[in-house]
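Hello,

Here is the structure I said I would pass on. Please open it next to this email and read the two together.

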Amino acid sequence: MNTNAMKNSVIKFECSLPKWGDSSVEVKNLRQSGAGLIPSGIPAVECKAHGDRMIGAVWGSVMFLDGRRVLWMNGEGAPEVAGVLPGDYRCHVASDDGVLFMTDCGAWRLKRGSAGEWLVDDYTASYPKIRIGVYGVREFFASTASRELSGEYRHWAGPLEERDTRRATSDILAAYSRAVSLGLASGYYTQPVAVWYRLLGSRGEVLYRSEPVVVSDGGYRGEDAWWGDVGLSGGVYRDLGAVQVKLRGFALGYEADAASGMAKSVASAEIYVSPLIDPVDYAGEVAAVFGAHDATSARLGFRLPLLAGLEERARRLLDRLDAVGKRVAVVQNPFSGTGGGMTLLDGCAVIDPAKESAALSAALRKSVAAERSLIAEITQPHRFSAGVAGVCSDMVVWGDLKPLSALPAGVWVNRADSLNSSGWSSVTRVTIDGDGEEEILSLTESGSSDAPASLGPVVGYCDPRAKRIQVVVTYSDGTRRGVDLQLTPTPDGSGAFYVSAHLAPVALAEGVQALSPVTVRRKTEYSGGLAVALTGNELVPVATAVVSSGQIKAITESTRYGNSLDMGRRHIAVFTTGGIHVAGVNPDRGAISCHCIDAAGVERGEAVAASSAGIYAASAGRLLLVDGSRVKIVARGCDFTALGYSGRYGELLCLDAAGRLWAVDEDGRVAQRELPQRAARLCCRGCRVWVIGESDVYDLDREEEGAVAMRYSRIMRRSGVRGLPPVSRAVWLMSCAEYRGTLTVKSSNTGIDEVTVAAFRVNGRINLPPHTPMLACRYRCVRVTIEGEMSTDGVINEIIME
């Protein structure tokens, strides 16, 4: 409120909006404009209110939720049902590309096609799968050159001398490397590899990532000896002939499951392959095997030096797939065909096996931070739900996370060998020890041919807490085969797996009992859990943190935070029931750091609104303004339940518990905003605000022309014996094209019983300031009031009593 001048028996009331809590001024349907007040127009009716929640304006119209039904207003008639959510609503993120809903059972996206039809991506449904396995096998050969042994071998019993061992090691490893390279050049892998795939949508977003499987042709190669003939010369076995190295390689092929579920959402599949899980120790020496001999020749065999702990090497590889794997193929529309067999995968890279193995060993030795349980539980193939969402620059930030564990991969994708069977069915069941709350997940499958007889050498689940996996396959003749495997966590916690010896297939044992497909999901939720995903890949978290022990109620981008050293970082304001936090996301979006800047708790997500001045929040009867890391109290004693910021008028709209609407301008001045209907809820999208009334929805960014019911009332008090100076008339500095109402002055010496000392009614245009005579005497209190209907071109500048 501006200051008032009282000089020479003149009282001036400069008309301005009051601060919150100033009981001397009452303002309704007016806003500040320079040094005066102007009417705020009547908000335009957007449409009729429907359902129990308004989503906002999408695709040129308004969207509502009625339970699980998504309603879209197409014109002025009844709303159109655009889709039905698969679960109870939790939050949503709206963009020009569609609306991504979070339900209690996962994500669900609603889009519009080019012809205006409704399209749905139901991420709670299962995607069809892709099986990657052995397509064909071939043998590859490489030979060493003949060489003269340097040792004196008169009696064929060994051992091989050191110099000959070094030469043989060099020759055998070189031949082995050539055979491996020949295989890769032809598209064949001579050692086991880990494979996995990603399904992508039309925008390039990641829809699904599979669990890894290890493909081999019976296990790794290198244990058998390769033989050469040694000729006798001068009584000494000296002339070593060529040694032929033979390797069996396999080509990879893929087979897409029958199109079902979410197949129509998949635009392409990316297939990834790890480096060879090569057992050879290129720094070791070959082992010589002295074979049969006679008077003219002898047989000399060589075995490759092998790495110790190959199974552990495979486990460590599974922790680093993204770091060491390579994309070998992109399959467009993988589920568009009718199935019916495998398709050859091209794309093997010709490598130097020794250098590749050394690079892989170096990668496996690097320290990898163990996956935090939170991000591990919500990373694909797992899913998640969230109770709060916020779009912050190039990120989507999710809060209050609920992990949704994926079902086990099953036997179809990990089948190694098959039986000639007319049909089969299977149950795969994994048991997870979830911090005292056991979770059991089961997958059922069936097929009409290629009944599984063995599984790949790695069987497990993408959660390090998984402790047991059971598989039972029932064949068409009623017999059963299966396995019951104990799982071991990988060193860095990407999952828990059983790895067979020599990476050989895991055979299904006969005579097992039937297995029931039991599923018992845990109810774990991370209140205060925060996850960051990049725009375009909203369901692929890249970083997580826990910001509070309370529930997250709102997330928005922080304003004016940081310094010159913060370049590239993103700052997020997180409002929880336990306080207000600021979270910083590093430039590569891979880590989050957070700290609490105020202990004020927020109980409702609707009670937070971002504005040009900062972020407003209603907390415990106070209106707060968060500007960077600073929190300022704007108002006390207010019971606001919902906030929304109108960018067009620069006003914060506040709904209180009594259904009254208040407008707070950027200077913190307030006025009541009265609508034709009682306000029930606010809906905000960006800097646009709608008010949901008893039957209509009002767009506060669109105000209609016409008379506005307004009120301005102000009281001036002065203590002491003399009171206010005596005045004889009141002058109203105001103008408008149309005004129908009253101008009154009331006075009182007690502040309770007011007496009207000047009043008259106006009905028409006001060109010149109206003035009214008054009884000239002293009063301790004077109240001036302007109340009526004023055209939107009106302005009230000042009231003078002299």
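Below is what was found, from the whole chain down to single residues.

This is a predicted model, in which local features need pLDDT of at least 70 and side-chain atom pairs count only at pLDDT 80 or more, while totals for chains, interfaces and linings use all residues. Residues are numbered from 1 along each chain as its sequence is written, and side-chain values use heavy atoms, leaving out hydrogens and water.

**The whole chain**

The protein chain has 5 helices and 62 strands. Both are DSSP runs numbered from the N terminus, helices being H or I of at least four residues and strands E of at least two. The radius of gyration is 39 Å, well over the 28 Å that the globule rule gives for 802 residues, so the chain is more spread out than a compact globule. That radius is taken over C-alpha atoms, and the rule is 2.2 Å times the number of residues to the power 0.38. Along the principal axes, the C-alpha atoms fill a box of roughly 145 × 55 × 45 Å.

Of the 802 residues, 54% count as buried. Buried means under 20% relative accessible area, exposed means over 50%, and partly exposed is in between (1.4 Å probe, protein chains only). Among contacts with a separation of 6 or more, 67% are between residues 24 or more positions apart; a contact means heavy atoms within 4.5 Å.

How many of the 5 residues of strand β47 are buried? The count is 5 of the 5 in β47 (residues 615-619), so this strand is largely enclosed by the rest of the structure. In a regular strand the side chains alternate between the two faces of the sheet. Here I615, A617 and S619 point one way, Y616 and A618 point the other way, and all are buried.

Two strands count as paired if DSSP finds at least two bridges between them. Strand β46 (residues 608-610) pairs with β47 in the antiparallel sense over 3 bridges, and V608 has A617 as its bridge partner. These two strands form a hairpin with 4 residues between them, and G614 in the turn has a positive phi of about 150°. β47 is also joined by 5 bridges to strand β48 (residues 622-627), again antiparallel, with A617 opposite L624. The hairpin of β47 and β48 has 2 residues between the strands, and A620 takes a positive phi near 50° there.

**An open sheet**

Another sheet is open, with 3 strands in the order β14-β21-β26 and antiparallel pairing. Its edge strands are β14 (130-143) and β26 (343-344), each pairing on one side only. β14 pairs with strand β21 (residues 244-256) over 13 bridges; in one of them R138 faces G249.

**Single residues to look up**

- A57 is in strand β6 (residues 53-58) and is buried, at 17% relative accessible area. Beyond its neighbours within four places in sequence, A57 contacts V62, R685, R688 and W690.
- G158 and P159 are joined by a cis peptide bond, with omega about 0°. P159 is in the loop between β15 (147-148) and α1 (162-185).
- Q380 and P381 are also joined by a cis peptide bond, with omega about 15°.
- D450 is not a glycine, yet its phi is positive, near 55°. D450 is partly exposed, at 37%.
- L503 has a positive phi of about 55° and is not a glycine either. L503 is buried, with a relative accessible area of 0%.

Regards
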